[in-house]
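These are my notebook entries on the structure shown below.

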Amino acid sequence: MKMFNRFRLLLCLLFLMLVRGESQILPLQTYTVNDGLLANGVNSILQDSRGFLWIGTAEGLSMYDGARVVSYRTNEGLPLNFISALAESKTSPGTMWVGTAGGGLCRITDGAVDNHWIPRTYVTSIVEDSTGTVWVGTESAVYTIQDDSAAEFVDASGQTFGGGIIQLIASSLWLGWEHDIFRISIDDGSVDTLSHLLKGSGEVQSVAARGQELLIGTSTGYLLILRGTEQVTKRRIARSPISEIFLDQSGIMYLGTYEGLYILRHDSTTTQLVHYTEANGLPHNSVISGIVDREGNVWLGTTKGLLKWADRSLLRFPLEPLPPGHYTNPLGVTDSRGHHWVVTNSGLLELSVNTHGVWQTYIHRFRYSNEQLLPISVHVHDNNQLWIGFDRHGIHRYNITPAETFPSRLSLRDALLFKRDVPTIYAGCFFIDRDDGMWASLAEGARRVVRLSLNDGSIRSFTAEDGVSSIDVRAIMQDSRGNIWLGGYEGGISVSIPGDEFKFQRLTTADGLLDDKIRSLLEDREGNIWVGTRDGGLAKYAGGKFTTVSVSNGLLSNTVWSLSEDTKGNIWAGTAAGIQAIRKSDLKPFPVSKEFRVGPVHGCGIFNDERLWFATAEDVFIHDLTSAVRNTVPPLVHITDVQVNGETIARTAGVELPFDRNTVTVEYIGVSFRDESLTRYQYRLRGLVADWSPASDQRAVTFAQLQPGSYVFEVRAINNDGIHSLSTAGFPFAISAPWWQQWWFYGLVLSASVLLLYALYRYRVGKLLEVERTRQRIARDLHDEIGGTLSSISHFVQAIGREKKSNGARTSKMLDLIAQGSQEVQEAMSDIIWAIEPSNDTWESFFAKCRRYASDLCESKKMQYHIDIPQHSVDKRMNLEWRKNLWLIYKEMVTNAVKHSRAHKLSVRFEVVHDNVILEVNDDGRGFNPELPTSRHGIKNIQARANALGASVQLNTSAGHGTRWQLTSPF
């Protein structure tokens with residue numbers, strides 16, 4: 001192009017330097033004495049069947065459960081602090097055999113140590129065979145332990161063996177020591193000597209089993225593989241001893257040496273080893289011990305700490321530190337060959353993977369008149385053209401020329417210089433659209449966005465008057481429909497529609513954004529637009545509206561610097577706190593492991609649909625999406641302590657607690673080492689609540705003032721990928737009721753209550769019987785004594801009257817009055833006797849007396865009468881006082897009707913309705929006016945007795961119209 005010819009002279013001032021970049025750094029987590037280990041030198045590592053990690057050091061033994069470290073030393077019962085070998089009992093899982101370097105062997109069972117097994121010697125290895133026999137290799141002999149009895153091993157011929165390193169394969173025990181190797185049959189004790197297979201390989205330093213094969217590491221760095229009595233592989237791995245051999249679940253072999261860690265995927269001598277050293281993040285090259293745990297984490301014991309390599313899909317490539325006073329946003333792109341280019345503060349980092357799967361890195365440094373050029377952005381156009389924007393030195397275009405050997409060659413093609421081709425001294429960002437138009441944000445001077453045609457050199461400026469942000473634009477993108485999206489430092493988003501004239505539409509917080517400060521833009525495969533903001537999290541623009549996700553929804557940070565998309569339906573957001581995947585379908589952020597919490601991620605992307613790259617100011621990370629797998633291994637969960645009222649108790653099944661010890665605290669742990677901090681727990685107390693609690697990182701729970709009853713505490717763990725424990729950890733217990741709530745106490749109270757009620761009943765019956773006997777005696781005495789006497793007086797008076805009739809009228813009248821009074825007294829006494837007599841408390845007796853009285857009285861007056869009395873019996877007995885009052889009311893009503901009303905007819909009706917008795921007495925006599933004063937007390941007596949009964953009484957009468965009484969009384 002003509003516009004670039006004038007800058008040809010400047011190119012001679014530019015030169016490019018190729019510098020080998022830093023090695024890849026493994027994402028290792030280091031555990032040292034600062035994390036609770038007893039020493040930084042780790043001699044042996046073992047994971048037991050419960051998932052706990054045992055770490056042997058020169059200062060003692062540590063057990064790590066993911067949250068705490070429990071240590072054992074001589075103070076806790078070890079014979080010596082220097083730990084040299086570890087093994088778990090197969091017949092008693094959880095019991096640990098511990099070998100020491102000079103103190104012999106000990107055993108740890110439920111935290112208790114016993115150490116009286118073999119002589120105090122150096123233990124090199126410990127294994128247990130299928131019969132439960134424990135084989136112990138020492139520096140002086142091989143011992144067997146059966147039924148808690150130890151003995152020195154002697155073969156079938158009576159031969160003993162020196163100490164060695166033991167490995168068990170099927171029914172054969174392999175013993176390696178110095179330049180000798182033996183295969184011992186467990187069945188018959190026969191021995192094969194195979195020392196010739198070690199010739200020229202050095203001494204045996206480590207052994208491991210792979211199926212039916214024995215793997216041997218030697219003092220001179222050789223790896224030997226034996227199958228039966230044949231040597232199938234002999235390969236020199238290192239120049240130093242191979243101190244440890246271990247394998248993962250897929251068969252990958254890990255070799256620990258004093259030169260670092262070697263990884264071998266196959267046995268073939270043509271297979272290239274992968275070698276990691278201090279340059280790759282190891283704190284020291286001496287790898288003494290190692291294992292791969294049940295979740296696939298690689299643990300390495302070194303002289304400077306215990307290392308965990310959890311995510312083997314993640315690599316880190318360090319960048320040079322930023323110069324003082326400078327700030328840069330590392331960005332990157334991928335070319336058509338899969339080479340990745342990352343902008344740094346002092347150059348351009350090129351990364352690629354060679355044919356052996358090994359990463360290669362180079363830094364391309366740029367110099368301009370002895371002044372360091374700071375790249376600020378990078379863009380690939382037409383695949384083989386690399387555009388790089390430099391701080392204050394324009395935008396340069398390079399041709400990428402593949403080389404026979406790494407790295408690629410960059411040749412400067414032309415440049416756009418600030419203040420000459422572009423009216424500014426600084427460009428915040430740039431982008432090349434599909435029509436070869438370069439969009440650039442001019443961040444200093446006249447703030448604007450310009451579009452420079454790479455075809456004819458024409459420039460068009462866009463300012464706030466055209467709808468773009470009045471302050472710097474920080475993100476530029478073209479979508480699949482050709483629209484240009486501009487994200488402003490402030491002011492939201494400007495969207496242009498291509499045509500003869502660009503027209504911009506503004507999208508701000510008024511349209512649903514949480515923040516108008518835009519930092520990143522992305523279009524996904526479905527055509528949705530994703531927007532990263534400075535303070536408002538992440539937004540998805542689809543169907544003309546925004547949907548947002550922020551820290552309140554689980555986003556790592558509300559500052560989203562960069563965005564990318566993978567092929568699994570996830571959006572990757574580079575935030576101020578690290579990088580995080582967000583599921584596109586529902587905007588749900590995934591949990592973030594520790595390895596991805598790397599601080600501000602200013603650039604990220606996907607290349608070859610296989611690898612995610614993301615960059616910070618100090619590092620570039622490569623995450624292999626094809627090898628990244630979810631942690632699908634369910635965590636193991638254990639109850640570690642139970643306290644009752646603050647005191648630890650034994651966790652025995654069916655423990656029963658007294659009623660006043662009812663505050664229970666349970667501590668528990670879920671063993672998962674794939675980012676221990678993300679392990680969560682759910683618990684429930686069956687007998688109190690049936691539902692699981694919400695998931696939390698709480699590792700203890702207290703239940704206060706539990707009521708008496710039976711309970712089962714259950715807890716389950718959830719790992720970093722949301723996988724629950726297959727089984728729960730449980731603790732059943734019961735709280736007994738207080739003595740006053742025990743069954744025997746209830747029985748005692750019930751028995752006492754029954755006896756008391758029976759005594760009261762007997763007392764009541766006795767009193768009633770006594771009252772009845774008294775009533776009978778009084779009735780009998782009244783009848784026999786007073787009644788008889790009154791009757792005699794009446795007869796005597798009548799007799800005297802007959803004899804003295806002639807004596808005068810006055811005497812006769814007095815005698816008549818005496819006779820009449822005695823008769824009335826006799827009748828009253830008869831009523832009293834009838835009322836007192838207990839046998840008359842029945843309704844039948846009462847109705848019979850009422851019928852007799854009314855009929856006798858009416859017949860004596862030759863008066864018509866009708867008496868209506870219920871024929872059915874009434875169950876309830878009549879109270880003495882109630883019966884007396886009802887009788888006297890009845891007697892008063894009937895007597896008045898017969899003697900004083902001059903009536904011809906009398907009607908009496910009794911009716912029992914529910915718990916009420918109704919009495920009606922009617923006559924057709926002369927009636928009376930109840931308002932007129934009278935000397936008689938009949939009405940008053942009836943009313944008074946009705947009140948005593950709690951009854952209601954009605955009187956209907958008038959002169960010449962008869963009289964009607966109605967009484968209603970409850971029983």
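**Entry 1: Ser901**

Where is the place of Ser901? I found Ser901 in the loop between helix 6 and strand 68 (905-913). I note at the outset that the model is predicted.

Is Ser901 buried or exposed? Ser901 is buried because its relative accessible area, 7%, falls under the 20% cut-off. I then listed its contacts, setting aside neighbours within four places in sequence: Ser901 touches Asn896, Asp923, Gly925 and Arg926.

**Entry 2: Helix 6 against helix 7**

I next examined how helix 6 (residues 880-900) packs with helix 7 (residues 938-949). Two packed helices are described by the angle between their axes and the distance between the axes. For this pair I read an angle of about 155 degrees, and the axes are 9 Å apart. The two helices are therefore roughly antiparallel, since that term applies to angles over 145 degrees. Helix 6 passes helix 7 in a left-handed crossing.

Which residues make the contact? From helix 6 I recorded Trp882, Asn885, Leu886, Leu888, Ile889, Glu892 and Met893. From helix 7 I recorded Gly938, Ile942, Arg945, Ala946, Ala948 and Leu949.

**Entry 3: Helix 5 and its cysteines**

I turned to helix 5, which covers residues 843-860 and has 18 residues. Its reach from first C-alpha to last is 26 Å, close to the 26 Å expected at 1.5 Å a residue.

Which residues of helix 5 are buried? I listed Trp843, Ser845, Phe846, Phe847, Lys849, Cys850, Tyr853, Ala854, Ser855, Leu857 and Cys858. How many disulfides does the structure hold? I found zero disulfides in the structure.

After helix 5 comes Lys862, and I noted its positive phi, near 55 degrees.

**Entry 4: Val204**

I located Val204 in strand 19 (residues 204-210). Val204 is buried, because its relative accessibility of 7% is under 20%. I compared Val204 with His179: the two are 25 residues apart in sequence, and their C-alpha atoms are 6.5 Å apart in space. Leaving aside neighbours within four places in sequence, Val204 contacts Ile165, Gly176, Trp177, Glu178, Asp180, Leu198, Ile216 and Gly217.

I looked up a cis peptide bond, which joins Phe406 and Pro407 with omega at about 10 degrees. Pro407 sits in the loop between strand 38 (394-401) and strand 39 (409-416).

Asp436 has a phi of about 60 degrees, and Asp436 belongs to the loop between strand 40 (427-432) and strand 41 (437-442). Gln705 has a phi of about 55 degrees, and Gln705 belongs to the loop between strand 64 (700-703) and strand 65 (709-718).

How accessible are these two? Asp436 is partly exposed, with a relative accessible area of 24%. Gln705 is exposed, because its relative accessible area of 55% is over 50%.

**Entry 5: The whole chain**

Finally I recorded the overall figures. I counted seven helices and 71 strands in the protein. Of its 971 residues, 51% are buried. Taking contacts between residues at least 6 apart in sequence, I found that 51% join residues at least 24 apart.

How values were computed:
Residues numbered from 1 in each chain as written. Predicted model: local features only at pLDDT ≥ 70, side-chain atom pairs only at ≥ 80, totals over all residues. Heavy atoms only, no water. Disulfide = S-S within 2.5 Å. Helix = DSSP H or I, 4+ residues; strand = E, 2+ residues; numbered from the N terminus. Expected span 1.5 Å × (residues − 1). Buried < 20%, exposed > 50% of the residue type's maximum accessible area, 1.4 Å probe, protein only. Axes fitted to C-alpha atoms, helices over the stretch in contact; angles between N-to-C directions. Parallel < 35°, antiparallel > 145°, perpendicular 65-115°, else oblique. Left-handed = near helix turned anticlockwise from the far one by under 90°. Contact = heavy atoms within 4.5 Å.
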